Amino acid sequence: AYYVIANVGIDDVASENVVAVFPNPGNSHFTLKSTSDYSHASIRVLNALGQVIQRIESSNNEPIQFSIEGEPGIYFVVLDSDDDHHVVKLLKSSSIN
């Protein structure tokens, strides 16, 4: 016999705002999109050590394009807007030439 465990851990707090970064995984160019309307947003890209490697400010709700020039690995994209705080895990893969 075997068992399937569907949910383990703490459920995320439901939020109407969805923040997505794509493509994920990707090589170096990414797009951040939010379903929330905000008048100002601050975006930080952090490496796996938590060091801020890039800051982006936005004053409209358009998708934000950015590049990561660092080594392949795990990065975190932090979006702070009017009333929201979101963190998206991002995997930067090696560039294929």
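How many residues lie between strand 6 and strand 7 in their hairpin? Point 3 takes this up.

1. Basis of the note. This is a predicted model, in which local features need pLDDT of at least 70, side-chain atom pairs count only at pLDDT 80 or more, and totals for chains, interfaces and linings use all residues. Residues are numbered from 1 along each chain as its sequence is written, and side-chain values use heavy atoms, with hydrogens and water left out.

2. Overall make-up. The chain has seven strands and zero helices. Both are DSSP runs, numbered from the N terminus: helices are H or I with at least four residues, strands are E with at least two. Along the sequence the pattern reads β-β-β-β-β-β-β. Of the 97 residues, 32% are buried. Buried means under 20% relative accessible area, exposed means over 50%, and partly exposed lies in between (1.4 Å probe, protein chains only). Among contacts with a separation of 6 or more, 49% join residues 24 or more positions apart. A contact here means heavy atoms within 4.5 Å.

3. The hairpin of strands 6 and 7. Three residues lie between strand 6 and strand 7 in this hairpin. Strand 6 covers residues 73–81, and its antiparallel pairing with strand 7 runs over eight bridges. Two strands count as paired if DSSP finds at least two bridges between them. One of the bridges sets I74 against L91 in strand 7. Strand 7 has two faces: H86, V88, L90 and K92 are on the covered one, while H85, V87, K89 and L91 are on the uncovered one.

4. A buried lysine. K92 belongs to strand 7, residues 85–92. K92 is buried but has no salt bridge; E69, the nearest side chain of opposite charge, is 6.1 Å away. For charge, Lys and Arg count as positive and Asp and Glu as negative; His and the chain ends are not counted. A salt bridge needs a side-chain nitrogen of Lys or Arg within 4 Å of a carboxyl oxygen of Asp or Glu. A polar atom of the K92 side chain does lie 3.4 Å from the backbone oxygen of I68. Beyond its neighbours within four places in sequence, K92 is in contact with residues including G26, F30, I68, E69, P72 and Y75.

5. The salt bridge. Which side chains meet in a salt bridge? They are those of R44 and D80, at 3.4 Å from N to O. The search of the whole structure finds one salt bridge. The pair links distant parts of the chain: R44 is in strand 3 (residues 41–46), D80 is in strand 6, and they are 36 residues apart. R44 counts as partly exposed because its relative accessibility is 22%. D80 has 25% relative accessibility, so D80 is also partly exposed.

6. Three strands make an open, antiparallel sheet in the order 1-2-5. Strand 1 (19–22) and strand 5 (64–67) are the edge strands, each pairing on one side only. From one strand to the next, the twist averages 25°. Such angles run from 0 to 180 degrees between N-to-C directions, with axes fitted as lines to C-alpha atoms (for helices, over the stretch in contact).

7. Strands 1 and 2. These two strands form a hairpin with six residues between them. Strand 2 spans residues 29–34 and pairs with strand 1 over four bridges, in the antiparallel sense. A20 stands opposite K33 in strand 2.

Conventions: Polar contact = N/O pair within 3.5 Å; in protein donor to acceptor, adjacent residues only side chain to side chain.
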